[in-house]
Amino acid sequence: MATAPAAPSAHPDKIDAAVLKVAGVVVLGSIMSILDITVVNVALPTFVQAFSTNPADPLPYSTVAWTITAYTLALATVIPLTGWAADRFGTKRLYMLALTLFTVGSALCATADSIGMLIVFRVLQGLGGGLLMPLGMTILTKAAGPQRMGRLMAILGVPMLLGPIFGPILGGWLIDHYSWEWIFLINLPIGAVAVGYAWFALPKDRPEPSESFDVVGMLLMSPGLAAFLYGVSSIPGEGTFFSAKVGVPATVGVVMLVAFVLYSFRPRHPLLDLRLFANRNLTVATVTMFLFAASFFGALFLVPTYFQLVRGELPVDSGWLVAPQGVGAMVTMPIAGALADRFPVGRIAPFGLVLIVGGMFALTQVTADTSYWGYLIPVLFVMGLGMGATMMPIMTSALKTLTSHQVARGSTLLNITQQVASSIGIAVISVVYTNMLAQKPLAGPAIASWRNPSIADQIGGPAGVAQGLGQAADAFGDTFLVAAVLVTLTLVPALLLPRRREPSHLLDDVSASAAPSDDPDLRAANRVLH
């Protein structure tokens, strides 16, 4: 039977001014969300100093790291809601609401006078930030059509590339010249401009409710994750897993997550469609993404902390020192994206992971006087090269063989996997680091002597400080070793990624499904792709 000719595209081939106007809104929102993650990384030592009531007994890093974990966990919570909420309320209205929520959350973070209050406000901020990226993808797809998404993804990749480079530098500069509150206050004028720009640039759309919301799934997954992570993060303070403060919430969390997995196969439109794991490529890519994100992003927040605590660098200087990692990613990400269209992902991603494994093992050798230009900066650059060559190919592999009505749900599954893995990785690595540091008796006082020189006399003067800083560096090295082992395990599923070219079913499925369908997921996909 002859195949009907393809319908003419409603979109011009070139990127026109109308699409660029919409892309500007999305890029501005993405910059706010991504910069906020990297900006806070350099502020963790400052939070320890600002919120510790007793300088002799500072807050454990596992507690302070919740300022990052809570944000990423909130992101993971709202990502599954995005598709349903966009259909229910409209993308323009929801995007403006997300920008407002993020901006208000930023303002509240700047008013926090305790670490607990800051963590709560970071959750609010993360709820807005979590909506921005998936909504931005939906808005861009509608504006450009599928045939121009590759070029627009390059535009959307700008904040993803620049965030790791300029986020730590901006955060460090604001802390050094003003105060930690300004890393949040800076979002207020940007947010106000973004809301006004969105109102002007985004086209009006009509809400078209397409499916019911999985309330039971949400009530099982989100509290379950929070309880589990809270239990894990309490280990350093309690000293044992068998403490009630650790075991009870961790066990409750595991039970709720198991119940969520079992329940997710019952509703027609679950919060996370675990049935998609029947697709081998998606399963392998998801496992690879989980291990990669947990190990890599878990260790990533320690790098600026090492520069500040062990080397005595100012926050802005630590930001400049971690920038080579972002530069490395900027080099390889567009190359890896182009190669993923021509070669099987299984022949690309493992090479990126090998670079990360090598870099992570190199970080296990850090000392209190490791050379910057002769060792640390090249290592971070190589790890950046590996990151850029790994993330986009893995996501491409996962989504490429899904049909059009599965892509939205598959993308949600991948995004939430990355965010949850990052949250778990940060919690686990911060616990490991806190325990390693607790085993070094001179490390804490030596670190404190950077800000209070009188402490140096209590640990034997300059010789005691040097010994303590050496112990602190050993704690970082031991923690990086744990992360290196975890990221090495990522090579196992990565070697199972497709090593032969496989056709994409997306456009074929869209053409075949041009007729009206009773499947709301398919109707939603057709609205986006056509």
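A: Start with the lining of the second largest pocket, which has 20 nonpolar, 7 polar and 5 charged residues. Nonpolar covers Ala, Val, Leu, Ile, Met, Phe, Trp, Tyr, Cys and Pro; charged covers Asp, Glu, Lys and Arg; the others, Gly among them, are polar. The model is predicted: local features need pLDDT of at least 70 and side-chain atom pairs pLDDT 80 or more, while totals for chains, interfaces and linings use all residues. Residues are numbered from 1 along each chain as its sequence is written, and side-chain values use heavy atoms, without hydrogens and water.

Q: How much space lies in the second largest pocket, and which residues are closest to its centre?

A: Rolling a probe the size of a water molecule over the atoms shows where empty space is left. Here the space is about 1000 Å³. V48, P58, G444, I447 and A448 are the closest to the centre, out of 32 lining residues.

Q: Which helices each supply at least two residues of this lining?

A: They are α2 (44-51), α15 (302-309), α20 (404-438) and α21 (443-448).

Q: At what angle do α16 and α18 pack?

A: Two packed helices are described by the angle between their axes and the distance between the axes. Helix α16 (residues 315-340) meets helix α18 (residues 372-388) at about 35°, and the axes are 6 Å apart.

Q: What classes of residue make the contact of α16 with α18?

A: The contact has 15 nonpolar, 5 polar and no charged residues.

Notes: On a 1 Å grid over the protein atoms alone, a cavity is a set of points where a 1.4 Å probe fits but cannot get out, and a pocket is an open set with protein on both sides within 12 Å along at least five of seven lines; lining residues have an atom within 4 Å of a point. Grid points are joined across faces, edges and corners, and a volume is the space filled by probe spheres set on the points. Helices (H or I, at least four residues) and strands (E, at least two) are DSSP runs, numbered from the N terminus. Axes are lines fitted to C-alpha atoms, for helices over the stretch in contact, and angles run from 0 to 180 degrees between N-to-C directions.
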